[in-house]
Amino acid sequence: MLINKVIRSVLLLPFVHIYRSTIASGKLLNTCTMHYLSQKDAAALDQDLFNEYKFSVDQLMELAGLSVAAAVAKTFPPTTHNSALIVCGPGNNGGDGLVAARHLILFGYKVSVYYPKRTPKPLYENLLHQCKQFGVDVLEKLPQSNDLQKDYNVLVDALFGFSFKPPVREEFKPALDTLIDGGLPVCSVDIPSGWDVEEGPGSEKYLKPSVLVSLSAPKKCAKPEFIGKAKHYLGGRFLPPGIVAKYNLTLPTYPGQDQVVEIC
């Protein structure tokens, strides 16, 4: 076992040097050089983080939610967009949204969460409890269109993640319609909700986010031909060199101590 670890470390050394040299350059990667994950590889990467590298779900969720909050603050600072509504789904993407809500409160925002289908597991119950303790307003119903634009400056889409497969279930359509028709800028977490993870938007009426925060690595639907002029950030500054090598990832530099980096 020890010999295998030594051999693996030696094999990774040249790659790690190249990887760190890229980081030291401080340049944004062109999207043409970016590697985009398939839905299958995105799920496998997560399992590797859990099984091989011993990350926990709540640990990764905390890092992801902090990245989302940082991206929102960079694009829509509280001096100009001081009120945010986060729409959360029942899975890990929704958990990322709950974490982001807590961090946005600490960043100086007024934050509300709409969480229509709550997951009855301790992790999600604890995250929701923390939101309430930090002053996040947990809504029982969606605001009307007039109230939406009056009360909020930005929407955060944490409805569906990379496990989503179309079509959208009826129970989630009102929440998605609010994101689409709300008339406010939307920041999507990892995947614009309602999109196919690999093939992008699939209907005439679809969500067009102003910001996309890819987590760990961009998925295929984050290619420029799909997201257009949306500002694209990468968050999740925690990938081990072995994961980067295994999935042939080419990632941009995270400047300084930042939790997100903009993809050119």
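Predicted model: local features only at pLDDT ≥ 70, side-chain atom pairs only at ≥ 80, totals over all residues.
Modeller: Residues are numbered from 1 along each chain as its sequence is written, and side-chain values use heavy atoms, with hydrogens and water left out.

Biologist: Why is Lys54 called exposed?

Modeller: Lys54 has a relative accessible area of 65%. Exposed means over 50%, buried under 20%, and partly exposed in between (1.4 Å probe, protein chains only). So Lys54 is exposed. Lys54 sits in the loop between helix 2 (39-51) and helix 3. Its phi is positive, about 60°, although Lys54 is not a glycine.

Biologist: Why is Asn248 called exposed?

Modeller: Its relative accessible area is 56%, so Asn248 is exposed. Asn248 lies in the loop between helix 9 (241-246) and strand 8 (260-262). Asn248 also has a positive phi, about 55°, and is not a glycine.

Biologist: What makes helix 3 oblique to helix 4?

Modeller: The axes of helix 3 (residues 57-75) and helix 4 cross at roughly 55° and come within 7 Å. Angles under 35 degrees count as roughly parallel, over 145 as roughly antiparallel, 65 to 115 as roughly perpendicular, and the rest as oblique. Therefore helix 3 is oblique to helix 4. The crossing is right-handed, a term for the near helix being turned clockwise from the far one by less than a right angle.

Biologist: What makes the contact of Lys205 and Asp177 a salt bridge?

Modeller: The N to O distance is 3.8 Å. A salt bridge needs a side-chain nitrogen of Lys or Arg within 4 Å of a carboxyl oxygen of Asp or Glu. Lys205 lies in the loop between strand 5 (186-189) and strand 6 (211-215) and Asp177 in helix 7, so the pair ties together parts 28 residues apart in sequence. Asp181 also forms a salt bridge with Lys205, with the closest N and O atoms 3.0 Å apart. The whole structure has 11 salt bridges.

Biologist: How do you know that Lys205 is partly exposed?

Modeller: Its relative accessibility is 45%, so Lys205 counts as partly exposed. Asp177 counts as partly exposed at 33%, and Asp181 at 46%.

Biologist: Which salt bridge does Glu262 form?

Modeller: Glu262 pairs with Lys231, the closest N and O atoms being 3.5 Å apart. Glu262 is in strand 8 and Lys231 in strand 7 (residues 231-235), 31 residues apart.

Notes. Axes fitted to C-alpha atoms, helices over the stretch in contact; angles between N-to-C directions. Helix = DSSP H or I, 4+ residues; strand = E, 2+ residues; numbered from the N terminus.
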